[in-house]
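Welcome! Take a moment to look over the sequence and the model, and then let us walk through some of its features together.

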Amino acid sequence: PQDNKQGLIGTYTTRYDITLPRAVNIEIAVQRINGIVLQPREGFSFSNAILSRTPQNGYVMAPAIGRYEYGGGICQVSSTLYAAMCHALLPATERHPHSSNVSYLPTGLDATISEGYKDLKFI
């Protein structure tokens with residue numbers, strides 16, 4: 001259905017199992033980026049928006065590619081955002097693909113995050 005939201009330029013949806021620990025991290029990251037409004041020429045950093053992946057910020061240990069870490073699963077949020085950006089023809093100023101394919105998106109639509117090293121950014 002069309003929500004007719006003012007300023008909406010692109011959408012994308014991925015699914016996840018709400019019973020897994022990574023769901024906690026996904027929901028935290030989504031809550032932190034939901035409702036952010038950028039002014040023209042204003043930059044956005046996914047990593048800054050979702051805060052440090054620590055227990056103090058609500059993040060839990062969950063699987064990430066090849067290991068467990070606090071915030072495991074947040075790359076599904078950054079990747080879903082990146083896919084929406086691609087559909088809206090909004091270029092990233094920083095984006096990094098995962099080292100292997102992810103199950104929730106087609107190849108090339110993913111965006112991995114590594115605090116202090118890799119981010120998803122756009123203007």
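## Glu 42 and its surroundings

A polar atom of the Glu 42 side chain lies 2.7 Å from the backbone nitrogen of Gln 39. This is a polar contact, meaning a pair of N or O atoms within 3.5 Å; within protein, one must be able to donate a hydrogen and the other to accept it, and residues adjacent in sequence count only if both atoms are side-chain atoms. The model is predicted: local features need pLDDT of at least 70, side-chain atom pairs count only at pLDDT 80 or more, and totals for chains, interfaces and linings use all residues. Residues are numbered from 1 along each chain as its sequence is written, and side-chain values use heavy atoms, with hydrogens and water left out.

Glu 42 sits in the loop between α1 (22-33) and β1 (44-45); helices (H or I, at least four residues) and strands (E, at least two) are DSSP runs, numbered from the N terminus. With a relative accessibility of 34%, Glu 42 is partly exposed, a label that falls between buried (under 20% relative accessible area) and exposed (over 50%), using a 1.4 Å probe and protein chains only. Setting aside neighbours within four places in sequence, Glu 42 is in contact with Val 37, Phe 122 and Ile 123, where contact means heavy atoms within 4.5 Å. Glu 42 and Phe 122 are 80 residues apart in sequence, yet their C-alpha atoms are 8.6 Å apart.

Just after α1, Gly 35 takes a positive phi of about 90°.

Arg 41, in the loop between α1 and β1, has a phi near 70°, a positive value in a residue other than glycine. Arg 41 is exposed, with a relative accessible area of 75%.

Is Phe 46 buried or exposed? Phe 46 lies in helix α2 and counts as buried, because its relative accessibility is 0%. Beyond its neighbours within four places in sequence, the contacts of Phe 46 include Ala 29, Ile 33, Val 77 and Leu 81. The C-alpha atoms of Phe 46 and Lys 121, 75 residues apart along the chain, are separated by 6.3 Å.

Ser 47 is also found in helix α2 (residues 46-50) and is buried, at 11% relative accessible area. The side chains of Ser 47 and Arg 53 are joined by a polar contact of 3.0 Å. Not counting residues up to four places away in sequence, Ser 47 touches Arg 53, Ile 113, Glu 115 and Asp 119.

Leu 89 lies in the loop between α3 and β4 (92-94). Its phi is near 60°, a positive value in a residue other than glycine, and Leu 89 counts as exposed at 75% relative accessibility.
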